[in-house]
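Please consult the sequence and the structure shown below while reading.

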Amino acid sequence: MKYGVAGAALLAAGGALYRTAAGPSAPGRYLLDGEARAVLAAIAPAIVGPMLPSGAADRAAAVARTVDGVQQAIASLPLATQREVRDLFGLLALAPARRFLAGVPAAWGEASVAQVSAFLQDWRTHRLAMLQTAYHALHDLVLGAWYADSSSWAGIGYAGPIKELSQ
C-alpha cells in the first residue's frame, strides 16, 4: 500500500513538474513535445522490434509514422486520459525518473533497444499496478499506431479492410 501511494505521488509530482516546465498546451488537446517524441522513438523499436524495416532510413520513417500515429490516438482520448498520458511522458522525460524509475541511464535518443526492452519488461511485471498500467498504455498506444498504419499491414499478411462491391 505504501509503495502504491508513493508511486502515485511520484507520478503526480513528475507530471506537475513537467507541466510547469513545458508550459500550457493547446486547450482541449495534448500535443507530444520533443521529449515525449524522443521517449516514443526509443520505445517503438523495443515494442515492434523485428517488424521494423531493416534499412536505416525506412526504419526511421516507420518509427516517425508510429510516433505520429500515437499523437493521433492520444488526440482521440478523453481529456482526463490525455492529461494522464502527458504526466506519464513528463515523468519519463525527467532524467532522474528515467534513470531510477525506468533504469535507462542514457538520454532516450541514446538508449539501446536492449535497455528500453528491459525497462518495459520490468514495468510489465512490476509489483506496482500503476507501473503495469503505464506499461500497458505505452504498449497499446505504440502497437495501435503501428497497426493503424497501412504500410505495416503487408508484414502480417493483412490486405486491408474489405471493400464493398458495387452492384
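Predicted model: local features only at pLDDT ≥ 70, side-chain atom pairs only at ≥ 80, totals over all residues.

A polar atom of the Gln71 side chain lies 2.5 Å from the backbone nitrogen of Leu32.

**Gln71 and its helix**
- Gln71 belongs to helix H3, which covers residues 56–75.
- Because its relative accessibility is 10%, under the 20% limit, Gln71 counts as buried.
- Helix H3 contains 20 residues. From its first C-alpha to its last, H3 reaches 29 Å, close to the 28 Å expected at 1.5 Å a residue.

**The buried residues of H3**
- The buried residues of H3 are Ala62, Val63, Thr66, Val67, Gly69, Val70, Gln71 and Ile74.
- An α-helix has 3.6 residues a turn, so residues three or four places apart point the same way.
- The cover over the buried residues of H3 includes helix H2 (34–48), helix H4 (79–93) and H7.

**Leu141 in H7**
- Leu141 is part of helix H7, made up of residues 129–148.
- With a relative accessible area of 12%, Leu141 is buried.
- Leaving aside residues up to four places away in sequence, Leu141 touches Val70, Ala73 and Ile74. Among these, Val70 and Ile74 are listed with the buried residues of H3.

**Leu141 and Gln71 compared in sequence and space**
- In sequence, Leu141 and Gln71 are 70 residues apart.
- In space, the C-alpha atoms of Leu141 and Gln71 are 9.0 Å apart.

Terms used. Residues numbered from 1 in each chain as written. Heavy atoms only, no water. Helix = DSSP H or I, 4+ residues; strand = E, 2+ residues; numbered from the N terminus. Buried < 20%, exposed > 50% of the residue type's maximum accessible area, 1.4 Å probe, protein only. Contact = heavy atoms within 4.5 Å. Polar contact = N/O pair within 3.5 Å; in protein donor to acceptor, adjacent residues only side chain to side chain. Expected span 1.5 Å × (residues − 1).
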